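I opened a new notebook page for this protein. I wanted the layout, the confidence, the sheet and the core.

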Amino acid sequence: MPDNGRIDPALSLITVLLTKIMPLTRIPASMRAMTHPTDCPCGSGRPFAQCCGPYLAGTTPPPDAEALMRSRYCAYVLRDEAWLLATWHPDTRPASLGLDREPATKWLGLAVKRHENGGEGRAVVEFVARYKIHGRAHRLHENSRFLLENGRWWYLDGNCP
Ligand SMILES: [Zn+2]
């Protein structure tokens with residue numbers, strides 16, 4: 001993983017393509033209405049269209065690290081790999097996630113435990129996500145680190161507390 005703080009110009013261009021153009025084109029509105037549940041999968045209790053929906057559609061950028069984290073959880077639920085990659089910091093972003101190749105992960109719920117804004121464009125969000133694979137329940141407890149760069153929040157990396 002490169003850790004020199006520089007962003008490859010080619011990667012920046014890809015980021016622009018992913019964030020500005022792809023979200024608007026990749027899912028037809030009719031399909032969006034079909035696949036997106038009424039209640040937001042992030043567990044906010046608000047309708048998807050008034051919570052994480054606009055972030056995944058690319059119409060509004062998430063205003064803070066917690067909103068980005070919640071939208072990324074929704075992207076796992078909805079298998080929206082493009083959003084996960086578009087919000088992953090270029091320094092740590094994998095080439096792909098292979099969400100369509102992995103065994104069917106059924107996401108059960110998200111609980112955000114802590115949102116700590118460390119200042120200077122750094123934030124940590126602690127959460128617990130529950131899921132099932134082949135009928136077996138699992139629990140992911142993670143501290144995710146986020147960076148504010150070029151006016152938007154990025155997922156950097158995560159570790160288990
Ligand atoms: Zn949401």
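My entries follow, from overview to detail.

**Overview.** I am working from a predicted model. I looked up the secondary structure and found 5 helices and 4 strands. Along the sequence the pattern reads α-α-α-α-α-β-β-β-β. I checked burial next: of the 161 residues, 25% count as buried. I also looked at contact range. Among contacts with a separation of 6 or more, 47% join residues 24 or more positions apart.

**Confidence.** The average pLDDT is 84, and 77% of the residues score at least 70. I then looked up residues 28-34, where the pLDDT is below 50. Beyond near neighbours in sequence, that stretch has 1 contact in the model.

**Sheet.** In what order do the 4 strands sit in the sheet? I read β1-β2-β3-β4, an open sheet with antiparallel pairing. The edge strands are β1 (105-119) and β4 (152-159), and each of them pairs on one side only. From one strand to the next, I get an average twist of 25°. As a reminder to myself, strands of a sheet pair through backbone hydrogen bonds.

**Strand pairs.** I went through the pairs in sheet order.

- β1 pairs with β2 (residues 122-133) over 12 bridges, antiparallel. Val 128 in β2 is the bridge partner of Ala 111.
- β2 pairs with β3 (residues 136-149) over 12 bridges, also antiparallel. Here Lys 132 has Ala 137 of β3 as its bridge partner.
- β3 pairs with β4 over 7 bridges, again antiparallel.

**Turns.** I looked up the hairpins. How many residues lie between β2 and β3? I count 2, and His 134 in that turn has a positive phi of about 50°. The β3 and β4 hairpin has 2 residues between its strands. Asn 150 in that turn has a positive phi of about 55°.

**Core.** The largest nonpolar core has 29 residues. Cys 52, Tyr 73, Cys 74 and Phe 146 have the most contacts inside it. Which elements give two or more residues to this core? I list α3 (53-56), α4 (65-77), α5 (81-86), β2 and β4. The largest share comes from α4, with 9 residues.

**Cys 52.** I followed this residue further. I left aside its neighbours within four places in sequence. Cys 52 is then in contact with Cys 40, Cys 42 and Cys 74, and also with Arg 70 and Ser 71. Cys 74 is itself among the core residues with the most contacts.

Methods
Residues numbered from 1 in each chain as written. Predicted model: local features only at pLDDT ≥ 70, side-chain atom pairs only at ≥ 80, totals over all residues. Buried ≥ 20, exposed ≤ 12 C-beta atoms within 10 Å, placed from the backbone. Contact = placed C-beta atoms within 7 Å. pLDDT = per-residue confidence, 0-100. Pairing = 2+ DSSP bridges. Axes fitted to C-alpha atoms, helices over the stretch in contact; angles between N-to-C directions. Core = buried A, V, L, I, M, F, W, Y, C linked by C-beta atoms within 7 Å.
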